[in-house]
Amino acid sequence: MKVRPSALIIENNHVLLLRYNYSGHDVFALPGGNPDPGETLTQAVERELSEELGIETEIEEMLMAGEVLLSPVKEDVLHCIFRAQIVGGIPILNPAQTTALEVVWQPVAALAQLNLYPNVGSYIASMTGGYVGKIDQSFFG
């Protein structure tokens, strides 16, 4: 199982997401990525946000964790979502570091209706967290 830490950044009741398109479907992801060897989860999130979006962040507490189980098709993923704040810069895509198509701010209330990766919109909207168990995840592509 691989681990994917990501950031939940909320400003004015809107969440920072990256928009991708897979097989004609818009898919929105919390920004984050895979840790490099020797890197902590929070260091990985800070690095990914810096590389992909050109922002400096303060990573705070872990809000939730849950698994997307894909075996035997792909490797299972443990998602660890951290609260984060932007402390420098404006989020702008760096196409050399991400395949995302754009940065979007979506209202918290709309998250449950989006194709979200990981699919935790209802947890974010209700601000329930901790260990959420298996995440029911749809895939497009």
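Helices (H or I, at least four residues) and strands (E, at least two) are DSSP runs, numbered from the N terminus. This is a predicted model: local features need pLDDT of at least 70, side-chain atom pairs count only at pLDDT 80 or more, and totals for chains, interfaces and linings use all residues. Residues are numbered from 1 along each chain as its sequence is written, and side-chain values use heavy atoms, with hydrogens and water left out.

**Whole chain**

Start with a cartoon of the protein chain. It has 2 helices and 9 strands. Along the sequence they run β-β-β-β-α-β-β-β-β-α-β. The radius of gyration, taken over C-alpha atoms, is 14 Å, close to the 14 Å of the globule rule for 141 residues, so the chain is as compact as a globular protein of that length. That rule is 2.2 Å times the number of residues to the power 0.38. The C-alpha trace spans about 40 × 35 × 30 Å along its principal axes.

Colour by accessibility next. Buried residues make up 45% of the 141 residues. Buried means under 20% relative accessible area, exposed over 50%, partly exposed in between (1.4 Å probe, protein chains only).

Now show the charged side chains: 7 are positive and 17 negative. Lys and Arg count as positive, Asp and Glu as negative; His and the chain ends are not counted. The centres of the two sets lie 7 Å apart, each charge being placed at NZ of Lys, CZ of Arg, CG of Asp or CD of Glu.

**Tyr20 and Tyr22**

Select these two rings. A search of the whole structure finds 1 aromatic pair. Tyr20 and Tyr22 form it, stacked, at 5.8 Å centre to centre and 10° between the planes. Rings of Phe, Tyr and Trp (its six-membered ring) pair if their centres lie within 6.5 Å; planes under 30 degrees apart count as stacked, over 60 as edge-to-face and the rest as tilted. Tyr20 is buried at 12% relative accessibility, whereas Tyr22 is partly exposed at 34%.

Step to Ser23, in the loop between β3 and β4 (25–29). Its phi is near 50°, a positive value in a residue other than glycine. Ser23 is exposed at 59%.

Asn12 sits in the loop between β2 (10–11) and β3 (14–22). Phi of Asn12 is also positive, near 50°. Asn12 is exposed, with 73% relative accessibility.

Go to Ala96, in the loop between β6 (77–88) and β7 (102–107). Ala96 is exposed at 67%.

Finish at Pro118, in the loop between β8 (116–117) and α2 (121–126). The peptide bond from Tyr117 to Pro118 is cis, with omega near -5°.
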